[in-house]
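Hi,

Here is the structure I promised to pass on. My notes on it are below.

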Amino acid sequence: MLQLITYPHPTLRYPSKPLVRVDAQLKELVGEMFDIMYQHRGVGLAANQVNLPIRVFIANPSGEKETGPELVFINPVIKRATGSSESEEGCLSLPGINGMVKRNKTIHINAYGIDGKEIDMQVDGFLARIIQHEADHLDGVLFIDRLSEENKRQVEEDLYGFEATFDMKRKAGLIGTDDKLAEDRKRWEAKYC
Ligand code: CO
């Protein structure tokens, strides 16, 4: 069973490795990712947010299971990013925190779908923002890294709160040590990367 991880879990800062294999288990894992995303009312989710260190993310701009396309991007590469737009973002791994983030307005994305078919398309608007946010996750980058200095100060207290909660959970044995988490990541990489 996959579980959503929250800041400051180390896997959120881990640059994920390219996927070289898609099997039945991976398809199940991606299905679980969609369930988790809808449960938490999200519009996008990167694999490392459920502690899988592989370059995969999912998106559904409608945020609802019955509506909108269920998109899967494997080994995504963003090219020809142009224009600029600023809008409010949040993140399932930082619940309750929001902030204005500048992104490119239009991007071209190349990736593979879960069916193995190549995706090569130009995207703009909300989906372009989701894709840039999720692609950042795969590199270990969070939207809070892209906030203005003023906005960063505004969320500082909340981040300390997350850090304190994380430390308590770890002391209670609910989250593994750094070594244990690194071992878990290596196991997934041995299987899929
Ligand atoms: Co996020």
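First, a term for the metal site: donors are N, O and S atoms within 2.8 Å of the metal (3.2 Å for Na, K and Ca), and since water is not among the atoms, sites may look incomplete. Do keep in mind that this is a predicted model, where local features need pLDDT of at least 70 and side-chain atom pairs pLDDT 80 or more, while totals for chains, interfaces and linings use all residues. Numbering starts from 1 along each chain as its sequence is written, and side-chain values use heavy atoms, without hydrogens or water.

Now the cobalt ion. Its donor residues follow the spacing C-x41-H-x3-H in sequence. The protein donors are C91 (SG), H133 (NE2) and H137 (NE2), at 2.1 to 2.3 Å from the ion. Because H133 and H137 sit four residues apart in helix 2 (residues 125–138), about one helical turn separates them (helices are DSSP runs of H or I, at least four residues; strands are E runs of at least two; both are numbered from the N terminus). Both H133 and H137 are buried, meaning under 20% relative accessible area with a 1.4 Å probe, protein chains only.

Helix 1 (residues 24–39) is worth a look too. Its buried residues are L26, L29, V30, M33, F34, I36, M37 and Y38. Just after helix 1, R41 has a positive phi of about 60°.

As for the whole chain, it has four helices and seven strands, in the order α-β-β-β-β-β-β-β-α-α-α from the N terminus. The C-alpha trace spans about 45 × 40 × 30 Å along its principal axes, and 46% of the 193 residues are buried.

Cheers

Technical notes:
Buried means under 20% relative accessible area, exposed over 50%, partly exposed in between (1.4 Å probe, protein chains only).
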